Amino acid sequence: MDLSDTPEEERFRGAVRAWLRDSLSALPWPEPSILEEKAPFWRQWQRMVFDAGYAGLTWPQEYDGQGLDERMRAVFTEECDRAGAPERLNIIGEDFAGPTIAHVGTEAQKERYLRPILTGEEIWCQLFSEPEAGSDLASLRTKAVRADGGWRITGQKIWTSRAQLAAHGILLARTGGGEQHRGITYFLLPMNASGVTVRPLAHMLGEAEFNEVFLDDVFLPYEAVVGEVDGGWKVAMTTLAFERVAIAAGRVNTVKAIEDIIADIRTRKSADGSPLGADPRVRQQVADLWSRALVHRAIGQRVISDAAAGESPGPAASIGKLYFCPLVEDLAEFRLSLEPLGGEFALDDELAETRRWLRLANQARGTAIAGGSTFIQRNIVAERILGMPRS
């Protein structure tokens with residue numbers, strides 16, 4: 001597989017790099033560190049991306065996208081990482097909900113929801129997981145019963161990222177009986193609807209990135225259904241396919257991460273005053289992480305190339321996630337090991353650069369669960385690649 005840019009990708013990369021160089025300085029830096037304070041900063045950035053024609057790169061052009069393939073989006077993401085562009089707050093909207101609506105939604109849904117995602121006006125969240133339905137998503141218990149003009153939704157969702165900022169959510173609820181995967185319907189939920197309660201959950205970093213969401217007799221009109229009633233599992237698999245591509249390609253640019261670590265090591269000294277990079281143990285760890293990051297990039301490029309060719313994410317996406325999660329943990333932990341006491345202080349007590357790695361080290365644990373747990377991905381690889389029987 002050739003990992004070098006095609007002439008078209010090279011031209012696109014140069015244009016993106018030049019635009020980033022001119023545009024990032026226009027933002028009111030520094031980027032806020034508290035999630036709830038990021039939204040105005042992010043919306044300004046997203047509007048700049050939209051106006052420049054870089055939002056929704058893989059979306060159809062008729063829905064304000066650019067009609068490009070996954071390789072072009074990967075180029076844009078790489079250049080944003082290298083330039084230090086702001087964090088993306090609407091991953092659920094732009095990468096999961098929007099493409100699902102574009103592929104499966106009604107024309108009215110496309111007209112109403114797609115453009116505000118790309119302009120940054122509306123942030124989305126994903127209301128799939130429940131206290132008793134995480135990896136086994138089909139066992140969800142949130143119920144939707146028919147009412148005059150629509151549905152009444154009752155239930156609880158958990159681990160909902162950025163629900164406190166979201167205008168809308170993609171919601172799975174049980175509308176029928178039968179087998180677990182049947183009788184589930186996919187809804188679009190306004191987060192300000194009567195009966196919706198969002199309760200932030202502070203994680204080990206002291207931040208409330210995740211939330212519990214309680215649905216108490218929430219009314220949704222018939223027009224809120226995406227796809228067929230009782231056919232939501234198929235729509236959900238479309239959403240999760242988009243998610244698997246994003247995770248396999250890497251939510252963290254691992255090659256950039258190890259390059260940053262190497263640059264930092266060049267400036268550091270060992271306890272005896274010798275260059276830290278001369279320590280054979282450090283060199284061995286750097287070589288290991290560098291080689292693994294290159295392998296991860298190759299896996300990501302395979303998944304991206306398959307997506308660009310119109311193929312559905314296969315077992316390679318599962319391999320990418322299995323490879324990505326421990327690599328990110330090891331990158332962050334190695335970088336923290338260079339700090340006094342491994343950087344294990346409160347975030348507020350750390351320098352900004354150390355906070356970056358401490359946050360990544362803790363967030364990496366959750367990545368092993370998001371988008372299908374490690375155990376689910378191992379089963380996919382075992383059954384679809386190794387041909388092992390179902391347990």
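Leaving aside neighbours within four places in sequence, glutamate 70 is in contact with Thr58, Val245, Ile304, Ala307 and Ala308, where contact means heavy atoms within 4.5 Å. The model is predicted, so local features need pLDDT of at least 70 and side-chain atom pairs count only at pLDDT 80 or more, while totals for chains, interfaces and linings use all residues. Residues are numbered from 1 along each chain as its sequence is written, and side-chain values use heavy atoms, with hydrogens and water left out. Glutamate 70 lies in helix α3 (residues 70-83); helices (H or I, at least four residues) and strands (E, at least two) are DSSP runs numbered from the N terminus. With a relative accessibility of 14%, glutamate 70 counts as buried; buried means under 20% relative accessible area, exposed over 50% and partly exposed in between, for a 1.4 Å probe and protein chains only.

The chain contains 11 helices and eight strands. Along the principal axes, the C-alpha atoms fill a box of roughly 75 × 45 × 45 Å. Of the 391 residues, 47% count as buried. Among contacts between residues at least 6 apart in sequence, 71% join residues at least 24 apart. The chain exposes about 19,000 Å², of which carbon and sulfur atoms supply 52%; accessible areas come from the Shrake-Rupley method with a 1.4 Å probe, and for residues only the protein chains shown count as cover.

A search of the whole structure finds nine aromatic pairs. Rings of Phe, Tyr and Trp (its six-membered ring) pair if their centres lie within 6.5 Å, and planes under 30 degrees apart count as stacked, over 60 as edge-to-face and the rest as tilted. Tyrosine 113 and tryptophan 124 form an edge-to-face pair, at 5.5 Å centre to centre and with 80° between the planes. Because tyrosine 113 belongs to helix α5 (residues 107-119) and tryptophan 124 to strand β1 (residues 124-127), the pair ties together parts that are 11 residues apart in sequence. Tyrosine 113 is buried at 14% relative accessibility, and tryptophan 124 is buried with a relative accessible area of 1%.

Tryptophan 159 and phenylalanine 210 also form an edge-to-face pair, with ring centres 6.1 Å apart and planes at 90°. This pair links distant parts of the chain, 51 residues apart: tryptophan 159 is in the loop between β3 (150-157) and β4 (168-174), and phenylalanine 210 is in strand β7 (residues 210-221). Tryptophan 159 is exposed, at 54% relative accessible area, whereas phenylalanine 210 is partly exposed, at 25%. One aromatic cluster is formed by Phe12, Trp19, Trp45, Tyr54 and Phe76.

Most residues other than glycine have a negative phi, and most peptide bonds are trans. The peptide bond from tryptophan 29 to proline 30 is cis, with omega near 5°; proline 30 lies in the loop between α1 (7-23) and α2 (35-51). Aspartate 64, although not a glycine, has a positive phi of about 70°. Aspartate 64 is placed in the loop between α2 and α3 and is partly exposed, with a relative accessible area of 30%. A positive phi of about 55° occurs at aspartate 217, which is not a glycine either. Aspartate 217 is in strand β7 and is partly exposed, with a relative accessible area of 40%.
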